[in-house]
Amino acid sequence: MAIPVSILICTRNRAPQLRDTLQSVSQISIPSHLAPELIVVDNGSTDDTSEVLRAASTENLSLHRVVEPTPGVARARNTAIRNAEGEILLWLDDDVRVPPNWLHCMTRPILESEADAVAGTVEFPARLERAWMQPFHRTALASTESIDPENPRNIISANMAFDRAVLADVPGFDPELGPGSRVGAL
């Protein structure tokens, strides 16, 4: 029997980026031992997000749209968790593009009990590079270039996966932190 996994994307007013991300996800290879679902949490968008989701072509995945009207990425992520059925939760930001083998690469270490969580690579787009930027600045914008792949000390939520069992120790995302919260950026 195939193992259920959940691909989770939280979005708010980024319809053009979401369209490209969904296109990327629709082209992933799905290993026969996995049964993925795709959940997009609309965090109170007022742009064309609904239309993008209606028009999305994800033939290889079932797409579920969930609404979390209260702004805040942590609230949206917690809503995603409540709606996900997967044993592995895979997270993508709404502006990330993934290669065809992404699902296999992100789930393999967890399924083979090598890790409870996996940090996927996020490369900073060259078109957004600025001469003054140092690795710190790019990391703050979700680049993984400063993470040591042999000894990772942190994880970037723009492209990560973890076993659902992790939620026994860390039951969810803190809604007081992160984008959309009192201390986070909007």
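This is a predicted model: local features need pLDDT of at least 70, side-chain atom pairs count only at pLDDT 80 or more; totals for chains, interfaces and linings use all residues.
**Entry 1: cysteines.** I looked for disulfides and found zero in the structure. Cys10 has a relative accessibility of 13% and counts as buried, because buried means under 20% relative accessible area. For Cys105 I noted a relative accessible area of 37%. Cys105 is therefore partly exposed, since that class lies between the 20% and 50% limits.

**Entry 2: strand β6.** I turned to strand β6, which spans residues 159–163. Four of its five residues are buried, and I recorded the strand as mostly covered. Next I asked which strands pair with β6. Strand β4, residues 88–93, pairs with β6 in the antiparallel sense over five bridges. Within this pairing I located Ile88, whose bridge partner in β6 is Asp163. Strand β5, residues 117–119, also pairs with β6 in the antiparallel sense, over three bridges. Here I noted Val118, whose bridge partner in β6 is Ala161.

**Entry 3: Thr21.** I located Thr21 in helix α1, which covers residues 15–25. Is Thr21 buried or exposed? I found a relative accessibility of 0%, so Thr21 counts as buried. I then examined its surroundings. Beyond its neighbours within four places in sequence, Thr21 is in contact with Ile9, Asp93, Asp94, Asp95, Val96 and Arg97. For Asp94 I also recorded a polar contact: its backbone oxygen lies 2.7 Å from a polar atom of the Thr21 side chain.

Definitions and conventions: Residues are numbered from 1 along each chain as its sequence is written. Side-chain values use heavy atoms; hydrogens and water are left out. A disulfide is a pair of cysteine sulfur atoms within 2.5 Å. Buried means under 20% relative accessible area, exposed over 50%, partly exposed in between (1.4 Å probe, protein chains only). Helices (H or I, at least four residues) and strands (E, at least two) are DSSP runs, numbered from the N terminus. Two strands pair if DSSP finds at least two bridges between them. A polar contact is a pair of N or O atoms within 3.5 Å; within protein, one must be able to donate a hydrogen and the other to accept it, and residues adjacent in sequence count only if both atoms are side-chain atoms. Contact means heavy atoms within 4.5 Å.
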